[in-house]
There are 2 protein chains.
Amino acid sequence: MKQDGYAVMISSSLEDPVLEEAAIEQLLGHRLDGLIIASCSFSPAKFQQLKAQGTPFVLIDRFFPQFRTNFVGVDDHAVGRIATEHLISIGCKRIAHIRGLEFTTGVGRFEGYKAALSQHGIEFDPGLVSPYMTADGLDWQQSYAAMRKLLGGRPPDGVFCYNDPIAIAAIEVALDAGLRIPEDIAFVGCDNLHYGASLKAPLSSIDHHSSLIGVRAAKVLLSLLRVKTPKRVRHVVLEPSLVVRQSTLRRNTVQLHREILSAVP
Amino acid sequence: MKQDGYAVMISSSLEDPVLEEAAIEQLLGHRLDGLIIASCSFSPAKFQQLKAQGTPFVLIDRFFPQFRTNFVGVDDHAVGRIATEHLISIGCKRIAHIRGLEFTTGVGRFEGYKAALSQHGIEFDPGLVSPYMTADGLDWQQSYAAMRKLLGGRPPDGVFCYNDPIAIAAIEVALDAGLRIPEDIAFVGCDNLHYGASLKAPLSSIDHHSSLIGVRAAKVLLSLLRVKTPKRVRHVVLEPSLVVRQSTLRRNTVQLHREILSAVP
């Protein structure tokens with residue numbers, strides 16, 4: 001928050017008194033050893049400044065191809081591909097996509113979506129893609145609007161949403177419009193938020209292993225702190241995985257699985 | 001995170017490039033103007049250190065009665081009272097409480113729960129209260145265990161949960177046990193999380209106005225930054241409000257409301 005020339009920072013220590021003590025001491029002592037950044041903008045100037053300061057840093061989630069630097073994240077192209085292939089596998093023909101922010105995450109998931117369509121001979125229809133979100137799935141009004149727009153024309157029968165909060169909002173709009181989930185329209189999100197299973201339409205999701213990203217980023221940063229002059233840039237890319245719940249569990253798919261199983265001697 | 005003598009801090013700037021720039025500059029420039037602390041431990045030493053440094057700070061959510069300092073939060077006693085009175089009003093007789101952390105939040109909500117029971121002539125039964133949570137509603141296993149324990153004896157017909165994530169976990173356990181919500185057992189949480197409406201059992205909740213707490217805390221901090229020697233300690237307490245959804249919307253209550261309405265000429 002910047003106002004009247006003041007810079008104020010809010011920090012958290014996850015209910016751990018030892019961490020809290022360390023965080024406050026560190027803030028008061030003006031010691032900073034390293035940075036983990038989920039950046040929404042990366043300029044040559046910022047990159048040079050960070051390099052010049054000599055403070056080690058690791059980007060998470062998003063990277064900037066023009067700057068070779070330490071990064072830990074998920075394969076976002078695979079996120080989009082796996083989600084879309086799953087919708088295709090349950091029989092969806094008109095698959096929409098509600099896009100995320102214009103970073104490697106949003107672009108990668110969108111490209112993965114298009115790649116999956118193409119691989120299965122489904123023509124890409126720009127009318128089935130919502131414009132970029134300007135907030136990271138936290139703007140409910142924007143998410144509702146994106147889904148309403150998709151339902152304005154001939155409705156899709158499957159939607160891959162950039163993340164779970166967008167999917168939760170989109171599902172509300174679909175239910176309000178009287179659509180049945182997943183029979184009329186199926187949804188896949190991304191994040192695999194814990195409460196996804198507790199939703200009205202328990203949400204199928206791509207798990208992008210956010211905890212693991214945190215663990216790996218911390219490890220990379222700690223190794224950078226130990227070895228002052230690292231030999232190479234670390235670029236860690238995790239593989240996402242699909243978690244299937246009712247929002248894509250169509251009866252005909254269940255029937256299909258039963259038939260396959262019943263055919264097993 | 002503290003390991004091998006390194007202190008590492010993780011910060012966020014809500015997808016705003018200007019904030020991000022400011023945060024990184026500030027971190028690199030070692031400038032710190034003020035602190036907003038949701039503290040889980042406050043010692044005389046820490047309090048003195050903060051005072052001595054002259055860095056203004058505001059506590060949010062929780063305060064420590066032994067230290068008179070700037071605070072912004074909700075009336076937690078009212079949270080517990082309103083939630084419990086609501087459960088009483090829909091006809092619950094055996095009202096359980098899953099407790100939060102042992103701070104003013106957890107203690108205040110528990111005291112409010114007991115006060116409401118007492119005011120309505122319902123005897124307090126310690127067997128209907130789960131022990132303290134050690135994590136702030138983020139430990140799902142602990143939340144499941146607390147609810148399972150409550151169902152171990154004669155089950156309650158209403159549960160006031162310290163927060164929404166605990167309620168979401170508790171509801172899963174109740175549904176798994178074959179209970180109908182809200183007919184057999186009603187639930188009230190606290191937080192009024194946006195996705196509460198999208199849950200299997202849309203969750204009644206006490207809104208403790210977390211956004212407003214943030215806004216007010218920022219305002220108090222900014223005023224402290226402007227006036228270097230403030231005359232008095234600021235203690236801002238917001239009133240919580242009840243948001244009713246299906247998890248407490250019993251048919252007999254609906255029927256009751258209908259009867260009341262039908263009696264209106």
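This is a predicted model: local features need pLDDT of at least 70, side-chain atom pairs count only at pLDDT 80 or more; totals for chains, interfaces and linings use all residues.
Chain A contains eight helices and 12 strands. Of the 265 residues in chain A, 52% are buried. When contacts in chain A between residues at least 6 apart in sequence are considered, 69% of them join residues at least 24 apart.

Helix 4 of chain A covers residues 104-119, and its 16 residues should span 22 Å at 1.5 Å a residue; the end C-alpha atoms are 22 Å apart, so the two values agree. Several residues of helix 4 of chain A are buried, among them A:Arg109, A:Phe110, A:Tyr113, A:Ala116 and A:Leu117. The buried group also includes the glycines A:Gly106, A:Gly108 and A:Gly112. The cover over these buried residues includes helix 3 (76-89) as well as strand 6 (71-74), strand 7 (95-98), strand 8 (158-161) and strand 9 (186-190) of chain A. After helix 4 of chain A comes A:Gly121, which has a positive phi near 65°.

Two packed helices are described by the angle between their axes and the distance between the axes. In chain B, the axes of helix 3 (residues 76-89) and helix 4 (residues 104-119) come within 6 Å and cross at roughly 40°; helix 3 of chain B and helix 4 of chain B are therefore oblique to each other. Their crossing is right-handed. Residues of helix 3 of chain B in this contact include B:Asp76, B:Arg81, B:Glu85 and B:Ile88, and those of helix 4 of chain B include B:Arg109, B:Glu111, B:Tyr113 and B:Leu117. The contact residues of the two helices comprise six nonpolar, eight polar and five charged residues.

Conventions
Residues are numbered from 1 along each chain as its sequence is written. Chains are lettered from A and ligands numbered from 1 in the order in which they are written. Side-chain values use heavy atoms; hydrogens and water are left out. Axes are lines fitted to C-alpha atoms, for helices over the stretch in contact, and angles run from 0 to 180 degrees between N-to-C directions. Helices (H or I, at least four residues) and strands (E, at least two) are DSSP runs, numbered from the N terminus. Angles under 35 degrees count as roughly parallel, over 145 as roughly antiparallel, 65 to 115 as roughly perpendicular and the rest as oblique. A crossing is left-handed if the near helix is turned anticlockwise from the far one by less than a right angle, and right-handed if clockwise. Contact means heavy atoms within 4.5 Å. Ala, Val, Leu, Ile, Met, Phe, Trp, Tyr, Cys and Pro count as nonpolar, Asp, Glu, Lys and Arg as charged, and the others, Gly among them, as polar. The expected span of a helix is 1.5 Å times one less than its number of residues. Buried means under 20% relative accessible area, exposed over 50%, partly exposed in between (1.4 Å probe, protein chains only).
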